[in-house]
Amino acid sequence: MGVLGLIFAPGFLSNGPVHTALLVGGGAAVVGAVVGVFTVMRGQSFAGHALADVSSAGGSASFLLGLNPLVGFLGMAALAAGVMEWADVRDARERDLLTGVMLGAGLGLTALFLYFASVTGSASGAAITVLFGSMFTIPASIVPAALALAGVALAVIAAIYRPLLLSAVSEDLAQAQGTRVRLIGLAHGWALALAVSLSAMTVGAILSTALLIGPAAAGLRLADRPGRSLALAVLIGLLATWGGILLAYDSYDWTPGHGWPVSFFIVVLVFIAYLLAALLARVRARGVSLRAVHPSGCGQD
Amino acid sequence: MFGSFMTNAWIVATMVAITAGIVGFFVVVRRAAFAAHVLPLGAFPGAAAASLLGVNELLGIIAFSALGVLGISQLQRWERREVATALWLAVALALGTLFLSMTRRYSQGVYALLFGEVFGIRSALIAPVAVLGAIAIAVTLLLYRPLLLDSLSPELGEAAGTGRGRIELAFLAVLALCTATALPVVGALMVFSLMVGPASAARFLTDRPLLALTLSVVLSLATVWSAIALSYLSNWPVGFFVGVLGGVSYAAGRLRHRGGPAHVR
């Protein structure tokens, strides 16, 4: 109990908002990691970040209209993902620009909605809440819907797992094998929209990129086999999220009066995991190249 | 609209628009929209940190822009460019959240830094903006040939003796300078929209680099001026108009040339 008491500040395990944060944050982390691996492999990190930011326009609109934030975040992200796939831009430069222009317009809308919110006085500090998230203030009523959406995103990825993997490795090869690449792209786009809107609500629109890209990049560093990368990414995402929540809760004791932000701890943990993974991959690569230079055992010369 | 309290807004926004138009041309050619988004966004924690320490805001912004350049180029050794960019963004914003949580009085400042408050710019800001903008433009024009060569044909650039890594670093530095110029006055969102929207629309109008560069500046000026005028008339935020006008001009260009400009590859 003494050690446990040191790790878990009093009340952590019996605190309602903490339970909600652990559940919703965990769901967002798992979905983000799974979708993120494919997003990184497909070279769509920018699109992932853009969707999260654009979804914040929906989030601020629902703030203004008093809607369920999930509806706003998700609706806007799904719309943007649809536009991106519908435009069907193959050329990498054109894709980059389309994403950028859409991101600019989406953030413009966010600015407008937040301005309306501040004028009508319906919410001061709405900017901070929408952009940076506030895990401990998530209403418990949102848990079933959030977990259901996380399940849907995972089901979509599971349903298209093989063709998605194939088209992520080589689009031409997938096409030659008869995969409907555009359909797969759209399905992935919507799974991505689900993932980012979930994490936009939990760690905030701006930081959701961390949950999407960080664990996935670390997982891909650590393992060559996609299945293993996925598992590692999920593990890192979950541990970072739960660890971040725990540290943020404990931090109320470090600096009396106010705690440190959850998002800060989560990102720091994710980034440390990434750095360790990159370091390990380098060490391993050096070992391989040394073995290549000094082939031990089966000497030919 | 042209009253004395608006003079500063017009002057500063014009300088920012020219700088962003020129730098934006290379953002488009180099496919660097993500970096153009992340450097300004990742520099705003610098302003929050400066307010925490009680030093000049501009110093914090310059420091974090420079950190961004170093961070992104370091991560690029291990990762693909966009993954490196995304990772830096996450780290910078996490620090930003931490700094923000330490000062309560900064909430309104965040909105201004992200979305821009063109009205009520202090005269004291004009000189630093002019100097930083001039440096950004001068460096870009000095690097015009190697940047263009490296972007259009990496092999040719390599043969001409311009190292890829050095060019990328120099380009990120230019982006950082543009960020430091624009962030304190127009906000992270607006400088990003200005670097991407006008330049990408200009490409649909011509395939000659120098003309595209000029058109990018012209369109950027037109965007900023109409955004300020519209914002003045409607009282809506300037950032909204800049973002939407960028989207409109890009869409118009695309519809004129269905499938994108075939000549600029």
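**Helix α11 of chain B and beyond**

Author: In α11(B), the buried residues are Ala212(B), Leu213(B), Leu215(B), Ser216(B), Val217(B), Leu219(B), Ser220(B), Thr223(B), Val224(B), Ala227(B), Ile228(B) and Ser231(B). A residue is buried if 20 or more other C-beta atoms, placed from the backbone, lie within 10 Å of its own. Helices are DSSP runs of H or I with at least four residues, strands are runs of E with at least two, and both are numbered from the N terminus. This is a predicted model, in which local features need pLDDT of at least 70 and side-chain atom pairs count only at pLDDT 80 or more, while totals for chains, interfaces and linings use all residues. Residues are numbered from 1 along each chain as its sequence is written, and chains are lettered from A and ligands numbered from 1 in the order in which they are written.

Reader: How far does α11 of chain B reach from its first C-alpha to its last?

Author: Helix α11 of chain B (residues 209-234) has 26 residues and reaches 37 Å, close to the 38 Å expected at 1.5 Å a residue. The expected span is 1.5 Å times one less than the number of residues.

Reader: And which residue follows α11(B)?

Author: Asn235(B) follows, and its phi is positive, near 75 degrees.

Reader: Changing topic, how many helices and strands does chain A have?

Author: Chain A has 13 helices and zero strands. Of its 301 residues, 50% count as buried.

Reader: At what angle do α11 and α12 of chain A pack?

Author: Helix α11 (residues 208-222) and helix α12 (residues 226-254) of chain A pack at about 135 degrees, with their axes 8 Å apart. That makes α11(A) oblique to α12(A). Axes are lines fitted to C-alpha atoms over the stretch in contact, and angles run from 0 to 180 degrees between N-to-C directions. Angles under 35 degrees count as roughly parallel, over 145 as roughly antiparallel, 65 to 115 as roughly perpendicular and the rest as oblique.

Reader: Which classes of residue make up the contact of α11(A) with α12(A)?

Author: Residues of α11(A), including Leu211(A) and Pro215(A), meet residues of α12(A), including Ser229(A) and Leu230(A). Two residues are in contact if their C-beta atoms, placed from the backbone, lie within 7 Å. The contact has eleven nonpolar, three polar and no charged residues. Ala, Val, Leu, Ile, Met, Phe, Trp, Tyr, Cys and Pro count as nonpolar, Asp, Glu, Lys and Arg as charged, and the others, Gly among them, as polar.

Reader: How many residues does the contact take from chain B and from chain A?

Author: The contact takes 41 residues from chain B and 46 residues from chain A. On the side of chain B that touches chain A, α4(B) gives the largest share, twelve residues.

How values were computed. Buried ≥ 20, exposed ≤ 12 C-beta atoms within 10 Å, placed from the backbone.
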